[in-house]
Every structure is written in C-alpha cells, then in structure tokens.
Amino acid sequence: MDRIKNHPILGESPEGKLVNFTYDGKTLQGYEGEPIAAALRVNGVMVHRYTAKRHEPRGVFCAIGRCTDCVMVVDGQPNVRTCITPLREGMKIQTQDGVKPLEIEK
C-alpha cells in the first residue's frame with residue numbers, strides 16, 4: 001500500500017527515521033512523525049476499533065481528526081485519534097473494543 005504523503009491537516013509527511021512500534025503485540029515499522037493511521041495502513045491494518053454495542057469494525061473515515069472512527073488505545077490511553085497522532089519509536093498501539101483494548105486470543 002502507498003503511504004499518505006500529504007495530509008490535509010498535518011501537511012506534508014517527509015519520510016523520517018524508520019521506527020518500531022507494536023500493534024496488538026506484533027512489531028511493525030513506520031516513519032517517525034507520520035500519522036499512526038498511515039503507518040498502520042501501509043502495514044495492512046484497516047480496522048482500528050469495534051463499536052461498543054454492535055461490535056462493528058471501524059477504520060479511517062475522515063482522516064482529519066473530526067470523526068472518531070480511527071480511535072485506538074495508544075500507550076494505554078483509549079480514544080486516541082490515530083489519523084492525527086504522530087508515530088514515535090516504541091509506541092504500543094492496540095485495537096480498541098468499545099473503550100478498552102481488544103482482547104487478543106493467543
């Protein structure tokens with residue numbers, strides 16, 4: 001998948017340093033400073049959360065921080081809008097289920 005190179009709110013996304021982060025326990029890589037959602041998309045992750053009542057999948061919708069479809073648990077904090085939150089080395093990103101991390105079967 002292609003990277004988002006020019007975000008409508010954050011502007012240009014120059015390729016920074018390659019960093020490691022975890023997504024639901026798996027180590028992935030992305031560029032420091034790019035939106036978390038962009039790094040996830042390039043790694044094939046399209047579902048960011050499941051709704052509380054119907055357990056329906058949601059992902060990036062507006063990509064400018066206005067809706068809440070892209071929220072995830074980031075470093076233990078729920079409801080982080082991943083489309084406008086810059087990626088940093090070592091971030092722990094988890095699929096959100098309602099307002100908590102999705103329980104992953106091992």
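Strand S3 (residues 18–23) and strand S9 (residues 92–94) run parallel to each other, joined over 2 bridges. Strands here are DSSP runs of E with at least two residues, numbered from the N terminus, and two of them count as paired if DSSP finds at least two bridges between them.

A note on the source: this is a predicted model, in which local features need pLDDT of at least 70, side-chain atom pairs count only at pLDDT 80 or more, and totals for chains, interfaces and linings use all residues. Residues are numbered from 1 along each chain as its sequence is written, and side-chain values use heavy atoms, leaving out hydrogens and water.

The open sheet holds 5 strands in the order S4-S3-S9-S7-S8, with mixed pairing. Its edges are strand S4 (26–31) and strand S8 (77–81), each pairing on one side only. On average, neighbouring strands are turned by 40° against each other, direction ignored; the axes behind such angles are lines fitted to C-alpha atoms, and angles run from 0 to 180 degrees between N-to-C directions.

| Pair | Sense | Bridges |
|---|---|---|
| S3 and S4 | antiparallel | 6 bridges |
| S3 and S9 | parallel | 2 bridges |
| S7 and S8 | antiparallel | 3 bridges |

Over at strand S7 (residues 71–74), valine 71 has arginine 81 of S8 as its bridge partner.

Key
Helices (H or I, at least four residues) and strands (E, at least two) are DSSP runs, numbered from the N terminus. Buried means under 20% relative accessible area, exposed over 50%, partly exposed in between (1.4 Å probe, protein chains only).
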